Amino acid sequence: MGGAEGAMGEAGRGIGDSEPEREFFEADNGHWKEEYSPKALGVEDADPFGNKELSSVLQRCLKKLPALWFSVFTMKHMDEAATELICNELKLTPGNFWVIIHRAKLNLRACIQKAWM
(Lines give C-alpha, C1' and ligand atoms only; values in the text may rest on other atoms or scores of the structure.)
Protein backbone atom coordinates (compact mmCIF):
# COMPACT_ATOMS: atom_id res chain seq x y z
CA MET A 1 0.00 0.00 0.00
CA GLY A 2 1.26 3.50 -0.66
CA GLY A 3 0.59 7.01 0.54
CA ALA A 4 -1.53 7.85 3.56
CA GLU A 5 -3.43 4.59 3.37
CA GLY A 6 -0.24 2.54 3.62
CA ALA A 7 0.97 4.45 6.65
CA MET A 8 -2.37 4.27 8.40
CA GLY A 9 -3.60 0.83 7.56
CA GLU A 10 -7.08 0.57 6.15
CA ALA A 11 -8.32 3.70 4.41
CA GLY A 12 -11.25 5.43 5.99
CA ARG A 13 -10.81 4.07 9.49
CA GLY A 14 -11.54 6.64 12.14
CA ILE A 15 -10.21 7.23 15.60
CA GLY A 16 -11.50 4.62 17.99
CA ASP A 17 -11.94 1.96 15.32
CA SER A 18 -9.03 -0.20 16.41
CA GLU A 19 -8.78 -2.36 19.51
CA PRO A 20 -5.84 -0.43 21.09
CA GLU A 21 -7.65 2.88 20.68
CA ARG A 22 -10.80 1.48 22.33
CA GLU A 23 -8.57 0.30 25.16
CA PHE A 24 -7.02 3.75 25.78
CA PHE A 25 -10.02 6.06 25.26
CA GLU A 26 -13.55 6.43 26.63
CA ALA A 27 -16.11 5.36 24.01
CA ASP A 28 -18.62 8.09 24.85
CA ASN A 29 -16.33 11.13 24.74
CA GLY A 30 -12.95 10.09 23.30
CA HIS A 31 -11.03 11.24 26.38
CA TRP A 32 -8.18 9.23 27.90
CA LYS A 33 -9.25 6.51 30.32
CA GLU A 34 -7.89 7.41 33.76
CA GLU A 35 -5.42 4.50 33.90
CA TYR A 36 -3.94 5.48 30.50
CA SER A 37 -3.96 9.26 30.81
CA PRO A 38 -0.58 10.91 30.14
CA LYS A 39 1.59 11.22 33.24
CA ALA A 40 3.94 14.06 34.01
CA LEU A 41 7.43 13.32 32.65
CA GLY A 42 9.16 15.36 35.34
CA VAL A 43 10.51 17.97 32.91
CA GLU A 44 7.92 20.64 33.62
CA ASP A 45 10.41 22.85 35.42
CA ALA A 46 12.76 25.22 33.62
CA ASP A 47 15.84 22.99 33.95
CA PRO A 48 17.88 23.64 30.77
CA PHE A 49 19.61 20.24 31.04
CA GLY A 50 16.28 18.43 31.24
CA ASN A 51 14.97 20.36 28.23
CA LYS A 52 18.09 19.45 26.23
CA GLU A 53 17.66 15.80 27.16
CA LEU A 54 13.94 15.89 26.32
CA SER A 55 14.74 17.51 22.98
CA SER A 56 17.22 14.72 22.24
CA VAL A 57 14.68 12.03 23.16
CA LEU A 58 11.99 13.74 21.06
CA GLN A 59 14.30 13.89 18.04
CA ARG A 60 15.10 10.17 18.36
CA CYS A 61 11.41 9.34 18.67
CA LEU A 62 10.46 11.52 15.70
CA LYS A 63 12.97 9.61 13.55
CA LYS A 64 11.12 6.38 14.37
CA LEU A 65 7.82 7.63 12.94
CA PRO A 66 6.76 6.56 9.44
CA ALA A 67 7.74 9.26 6.91
CA LEU A 68 4.19 10.50 6.36
CA TRP A 69 3.46 10.70 10.09
CA PHE A 70 6.73 12.60 10.61
CA SER A 71 5.83 15.08 7.88
CA VAL A 72 2.31 15.67 9.16
CA PHE A 73 3.40 16.02 12.79
CA THR A 74 6.30 18.37 12.12
CA MET A 75 4.32 20.53 9.71
CA LYS A 76 1.48 20.89 12.23
CA HIS A 77 3.30 21.16 15.55
CA MET A 78 6.75 22.47 14.68
CA ASP A 79 6.20 24.52 11.54
CA GLU A 80 2.70 25.52 12.73
CA ALA A 81 1.25 25.04 9.25
CA ALA A 82 -2.51 25.19 8.82
CA THR A 83 -4.36 21.89 8.55
CA GLU A 84 -5.75 22.80 5.11
CA LEU A 85 -2.25 23.55 3.79
CA ILE A 86 -0.90 20.24 5.12
CA CYS A 87 -3.79 18.31 3.57
CA ASN A 88 -3.25 20.02 0.21
CA GLU A 89 0.55 19.58 0.25
CA LEU A 90 0.44 15.91 1.27
CA LYS A 91 -2.79 15.07 -0.59
CA LEU A 92 -4.65 13.95 2.54
CA THR A 93 -8.31 14.15 3.43
CA PRO A 94 -9.03 16.00 6.68
CA GLY A 95 -10.11 12.70 8.24
CA ASN A 96 -6.83 11.00 7.32
CA PHE A 97 -4.91 14.03 8.61
CA TRP A 98 -6.51 13.80 12.07
CA VAL A 99 -6.01 10.04 12.28
CA ILE A 100 -2.31 10.44 11.39
CA ILE A 101 -1.86 13.25 13.94
CA HIS A 102 -3.58 11.15 16.61
CA ARG A 103 -1.50 8.05 15.91
CA ALA A 104 1.74 10.04 15.71
CA LYS A 105 1.01 11.57 19.12
CA LEU A 106 0.25 8.16 20.63
CA ASN A 107 3.47 6.77 19.16
CA LEU A 108 5.57 9.72 20.34
CA ARG A 109 4.05 9.59 23.81
CA ALA A 110 4.88 5.89 24.18
CA CYS A 111 8.40 6.38 22.81
CA ILE A 112 9.16 9.36 25.07
CA GLN A 113 7.79 7.63 28.15
CA LYS A 114 9.82 4.51 27.41
CA ALA A 115 13.02 6.47 26.81
CA TRP A 116 12.49 8.83 29.74
CA MET A 117 11.46 6.45 32.49
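Author: This is a predicted model: local features need pLDDT of at least 70, side-chain atom pairs count only at pLDDT 80 or more, and totals for chains, interfaces and linings use all residues. Residues are numbered from 1 along each chain as its sequence is written, and side-chain values use heavy atoms, leaving out hydrogens and water.

Reader: Which cysteines form a disulfide, and how far apart are their sulfur atoms?

Author: A disulfide is a pair of cysteine sulfur atoms within 2.5 Å. The structure holds 1 disulfide. Cys-61 and Cys-111 form it, with their sulfur atoms at 2.1 Å.

Reader: Which helices does the pair link?

Author: Helices are DSSP runs (H or I, at least four residues), numbered from the N terminus. The two cysteines sit 50 residues apart, in distant parts of the chain. Cys-61 is in α3 (residues 48-64), and Cys-111 is in helix α6.

Reader: Is Cys-87 buried or exposed?

Author: Buried means under 20% relative accessible area, exposed over 50%, and partly exposed in between (1.4 Å probe, protein chains only). Cys-87 has 8% relative accessibility, so Cys-87 counts as buried.

Reader: What phi does Glu-80 have, and where does Glu-80 lie?

Author: Most residues other than glycine have a negative phi. Glu-80 lies in the loop between α4 (67-77) and α5 (83-90). Glu-80 is not a glycine, yet its phi is positive, about 55°.
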